[in-house]
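Me: I am new to this structure. Please take me through some of its helix packing and its salt bridges.

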Amino acid sequence: MPASITPGVGAAARDDLAFLDKASIAPAYPPSWRVLIVDEDAAVHSTTTSALAGLDVQGRPFEFLHAASSTAAHALLAQEPDIAVILQGVGAGQPDAGLHLVRHIRETLGMLEARIILRADGDSAPGIDAIRDLDIHDVQTRSGLTRTGLYTAVAAAVRCYQQLRALSVGRAGLERIVHAGAEFMTLHGPHEVARSVLVQAAALLGQQPDGVLCTRDGGQLRVLGGEGSGRDLEGGPPEVHVDTRIAASLRRAFDERSIGFGPGCLSLYFPGKSGRDFAAAIPLRQSVSEGARRLLRVFASVVSVGLDNLELVGRLNDAAFFDSLTRLPNRTRLVEELDGAVAVAAAGDRANDIVLTLVDLDHFAASNDALGHGFGDLLLVAVAERLQAKLHPRLFVARIGGDTFAVLGDGALNTPATIHALFDAPFSIDGHAVQASSTLGLVRLLDHDGAGADALKDADIALKRAKSQQRGGHFTFSRGMGVEIRERVRMMHALRGGLERGELFLAYQPQVDLATRRPFGAEALLRWRTADGQHVPPDRFIPIAEHSGLIVEIGAWVLREACAELMRIRAAGQLDFTMSVNVSQAQFRHPQFMEVLRSALLDTGAPARYLELEITESMAMEEPQQLVEMLAQVKRTGVSIAIDDFGTGFSSLSHLQGLNVDRLKIDRTFVTEITGSARGSSIAAMVIQLGRNLGLSVIAEGVEDERQAQILHALGCPLAQGYLFARPLSPQALLEWLGGQQDRAA
């Protein structure tokens with residue numbers, strides 16, 4: 001081949017070129033710049049390779065690939081990667097022929113970094129739009145391209161390719177670093193995290209994963225995870241690694257708190273804000289470029305943040321799923337476990353008889369108050385330790401709050417007898433032997449419908465039933481109980497809706513003087529008629545209203561409505577008439593009760609002396625001092641007080657004597673028995689005599705026949721109410737009944 005493709009270029013031109021001594025080329029040289037020549041003219045291929053032979057760019061020689069046509073170039077480009085420059089000839093009069101290949105390179109193959117130099121003749125050069133849109137690096141004419149010009153064009157294209165390649169590698173590295181940071185948050189456990197760090201670092205280095213990641217505890221290094229030659233070192237010291245440079249690199253990284261690029265080994269340091277630092281040591285298969293070093297420094301920063309976040313997530317996970325006192329799983333973690341167990345039970349395999357047991361410590365609150373919360377905490381820890389140590393390992397143990405634990409697992413292992421037996425031996429608390437017992441609530445998941453949280457609620461219902469029956473025992477939830485509970489919840493919602501829709505109303509049962517049979521008052525009775533005309537019995541909906549707290553709102557409405565009816569009765573001429581209203585315990589003890597009472601009297605104009613509040617005997621016996629103060633406030637308004645259902649409880653007579661009440665009501669149970677047993681008559685007589693001795697009025701309720709009325713009158717009971725005199729009446733019917741009684745008396 002000629003020394004130059006342009007005549008007249010001789011030795012002087014060579015002074016401008018960086019020739020390589022071919023004898024100095026050795027296999028150890030770095031890779032070459034790959035140049036593809038596309039031209040149908042064989043002379044173009046030979047002269048180009050001859051002109052650039054022996055030249056280099058940044059110490060890397062050229063390597064040439066050849067294609068005689070666009071079709072051949074298509075096939076070659078599909079197989080050969082990393083082509084830096086494409087020298088493409090464009091024939092005269094057919095500029096589009098060359099652009100087809102350029103479009104294929106850019107748009108189909110996606111080779112955006114390779115530089116394209118077109119060599120054209122005459123009017124075959126593409127337009128400016130094509131050069132811009134297809135990212136054509138340069139356009140040269142065949143005839144005017146000297147050897148120096150060719151090298152200058154190719155060298156400039158190579159440098160541009162190198163910069164684009166570096167940007168691409170850097171961008172890919174940064175994307176990998178971002179991906180690594182996101183991936184850390186999805187991993188579980190130190191081994192997975194350590195391996196991920198090593199895999200991502202190896203990708204940035206362009207080599208296979210290898211090495212170890214360590215932490216330092218008390219000066220001792222411990223391998224958290226490894227890859228390649230460090231795969232089997234997890235949990236142990238790095239000194240046993242086959243590469244002696246590993247341990248030395250790790251210690252240097254911890255001591256110097258920096259990244260080290262030592263001979264044959266890379267050390268990455270990851271400072272932690274959570275109190276623990278980490279470091280990785282990776283054997284190097286090749287030298288690390290400056291660009292890769294910069295990426296690794298960024299990578300180390302991202303990993304440090306990721307490890308800190310994982311430490312934080314770990315602590316948050318502990319707080320979210322574990323009890324801080326006993327270190328047992330908490331309620332949230334139990335529900336997760338229950339969801340899985342419920343799914344297994346739902347499969348219908350009778351072999352999977354999974355039972356949830358709630359374990360409640362008996363009288364724990366009293367012990368806590370008497371001996372202090374520190375003592376109570378020690379007892380809870382001791383119980384937790386015994387449950388974990390003595391129960392079968394397959395059983396899941398949790399603390400779900402207060403003094404209540406949960407045991408979940410195989411019903412053959414999770415039995416009341418097994419758990420109760422754990423409390424036979426006393427617990428050693430602060431040097432003292434403390435005897436404790438437990439009450440259990442159980443639910444078999446095979447008999448359960450619903451999610452894990454529903455199973456926990458069912459077990460809690462069973463526990464409450466067990467505690468109400470006998471401490472130290474157990475109770476198992478049944479499907480019937482679930483139906484009952486759901487029905488009560490349904491009724492609670494229906495009751496609230498009924499209150500809002502005005503379905504509740506009051507009926508009034510007259511109260512009479514037994515001697516004259518003349519009415520002196522009435523008791524306001526709450527009733528519920530649903531939208532479809534069905535009457536719901538009071539003994540069904542009033543307990544639900546009391547349990548849900550809805551009775552406070554309902555009771556306020558009842559009080560106001562009864563006072564308004566009292567005023568309508570007075571307007572009809574019944575001026576000496578008393579309205580009696582039942583007050584529930586929840587309502588009576590509500591902080592706003594006195595305000596509600598005063599507002600009802602003030603807003604309706606009802607005279608306080610003609611309003612009577614009825615409280616039950618059981619209410620009168622609870623918290624006597626608080627009750628005395630509350631009764632005193634009621635009495636100061638002028639409203640009178642009656643004790644309802646008297647005789648059904650166990651009242652202290654001395655306590656009763658101290659209460660500021662006005663009337664006793666004999667319970668209907670004793671009125672019913674008054675004609676059939678001496679006991680019933682005796683209790684009624686006792687209540688009547690007690691009222692007389694204490695200066696209290698007495699009224700009997702539930703009088704249904706004349707015989708009962710005569711006996712009560714003979715015993716000295718002055719007042720009564722019941723079906724014998726009148727059934728509960730609507731407001732209009734009450735006014736008509738009272739008018740009829742007046743006409744009869746006249």
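Me: At roughly what angle do the axes of helix α17 and helix α19 cross?
Reply: In this predicted model, helix α17 covers residues 550–571 and helix α19 residues 593–604; helices are DSSP runs (H or I, at least four residues) and strands are runs of E (at least two), numbered from the N terminus. Axes are lines fitted to C-alpha atoms, for helices over the stretch in contact, with angles from 0 to 180 degrees between N-to-C directions. The two axes come within 9 Å, and they cross at roughly 30°.

Me: Which term describes how α17 runs relative to α19: roughly parallel or roughly antiparallel?
Reply: Angles under 35 degrees count as roughly parallel, over 145 as roughly antiparallel, 65 to 115 as roughly perpendicular and the rest as oblique. The axes of α17 and α19 cross at roughly 30°. Therefore α17 is, relative to α19, roughly parallel.

Me: Which residues in α19 does α17 meet?
Reply: Contact means heavy atoms within 4.5 Å. From α17, the residues taking part are Ala556, Leu559, Arg560, Cys563, Ala564 and Met567. On the α19 side they are Val596, Leu597, Ser599, Ala600, Leu601, Asp603 and Thr604.

Me: How many salt bridges does a search of the whole structure find?
Reply: A salt bridge is a side-chain nitrogen of Lys or Arg within 4 Å of a carboxyl oxygen of Asp or Glu. Residues are numbered from 1 along each chain as its sequence is written, and side-chain values use heavy atoms, with hydrogens and water left out. Local features need pLDDT of at least 70 and side-chain atom pairs count only at pLDDT 80 or more, while totals for chains, interfaces and linings use all residues. The search of the whole structure gives 31.

Me: Is glutamate 565 buried or exposed?
Reply: Glutamate 565 forms a salt bridge with arginine 568 at 2.6 Å, N to O, and both lie in helix α17, three residues apart. Buried means under 20% relative accessible area, exposed over 50%, and partly exposed in between (1.4 Å probe, protein chains only). Arginine 568, at 39%, is partly exposed. Glutamate 565 has a relative accessible area of 1%, so it is buried.

Me: Which residues are linked with Asp360 in a network of salt bridges?
Reply: Aspartate 360 and lysine 467 meet in a salt bridge of 3.7 Å, N to O. That pair joins strand β12 (residues 354–361) to helix α14 (residues 452–469), 107 residues apart. Aspartate 360 is buried at 5%, whereas lysine 467 is partly exposed at 32%. The network links Asp360 with Asp362, Lys467 and Arg471.
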